[in-house]
Amino acid sequence: MPIIVKFILFQLLILIPFSAGIIVKKYFADPAATSKKIIMVNLMVLEPPVILWTIWGLTISPELAFLPAAGLLMVLAGLFAGNILAPLLGLEGAGRKTFIISSSLANHGFTMGGFICYIFLKETGLGLSPIFISYFVPYTFLVIFSYARAGAGSRYRAGLRDFLASYQNMPLYAALAALALLLSGVRRPALDPPLEPLIMASVALYYWTLGLTVNMKEILPLRGEHAALAAVRFLVIPGLACLLLLVVPMGGDIKTVIRIQSFMPAAIYSVVTSVLFDLDPRRASSLFVVNTLLFILIVVPAMVLLRQAGVW
């Protein structure tokens, strides 16, 4: 399937389920509870095999290590910036955590960062972007989920045994298993599993749950938070990436991938985390939707113009 067709299909898998979620949520007595059940299906059934297979197939070289290292640096910088801005915005409790998580997690995957890398670098960019995002699973499930869980209600203050047995960690265990196979030299079988249908189903379900939780009426009252998040995602993180690229020697294509990914908007997983841990799903959904729209309408055209002008 041509890459452009794939991208159009992925965008339809975002727009249609998201719109459907908004339309049908009035028929659910508890949309948040329904969202949590759907997310559980994703975490237990759809994501683990995709993560296991893709990480197992990576080829690691010393220079490529710059990619996930840069990705990790970006999300940590967003976490730090969110911590600074949240009290200035008067946020406390679940709202504070929701904003900080939205400031940290970015949409570096195929539906946004990976595709922009393809536009600028063709197949090379598409091949490098999965390596860049390999930081995501351990960071999300070890750092973000732990932060979201900390100080929550008694249902989340479980012991180590309960934490290790939680379905929320299944993608993490798949990633650890894949790394163990990769480092031990076990070759991935020469098979062609149906990864694309699994990815498409996962994307569609996540955006359907987003439609169930978003409240478009809350966008204007949160304008201060939207402006602050836009500053983090589109000014602070790209600025830090620019400094990194000035001081660390690396290949041109790797530099371009890092520069592109530094501009990515908030990730759908910021909403997923908020739903899973009973934070503030409506705020998370609003932040995600507005941040993504700002990226598509303003940032992407600016990136294309800079590329055409030879600045990148």
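Ser103 shows 0% relative accessibility, so this residue counts as buried (under 20% relative accessible area, with exposed over 50% and partly exposed in between, using a 1.4 Å probe and protein chains only). Keep in mind that this is a predicted model, where local features need pLDDT of at least 70, side-chain atom pairs count only at pLDDT 80 or more, and totals for chains, interfaces and linings use all residues. Residues are numbered from 1 along each chain as its sequence is written, and side-chain values use heavy atoms, leaving out hydrogens and water.

**Around Ser103**
- Ser103 sits in helix 4 (residues 93-104); helices are DSSP runs of H or I with at least four residues, numbered from the N terminus.
- Leaving aside residues up to four places away in sequence, Ser103 touches Gly78, Gly82, Leu229, Val232 and Arg233, where contact means heavy atoms within 4.5 Å.

**Helix 3 against helix 10**
- Helix 3 (residues 66-88) packs with helix 10 (residues 223-247) at about 135°, their axes 10 Å apart.
- On the helix 3 side, the contact uses Ala70, Leu73, Met74, Ala77, Gly78, Ala81 and Leu85.
- Helix 10 brings Ala228, Val232, Ile237, Leu240, Ala241 and Leu244 to that contact.

**The core**
- In the largest nonpolar core, which has 88 residues, Leu67, Ile258, Tyr269, Phe295 and Met303 touch the most other members; such a core is a set of buried Ala, Val, Leu, Ile, Met, Phe, Trp, Tyr and Cys residues joined through side-chain atoms within 4.5 Å.
- Helix 10 gives the most to this core, namely 9 residues.

Key. Axes are lines fitted to C-alpha atoms, for helices over the stretch in contact, and angles run from 0 to 180 degrees between N-to-C directions. Helices (H or I, at least four residues) and strands (E, at least two) are DSSP runs, numbered from the N terminus.
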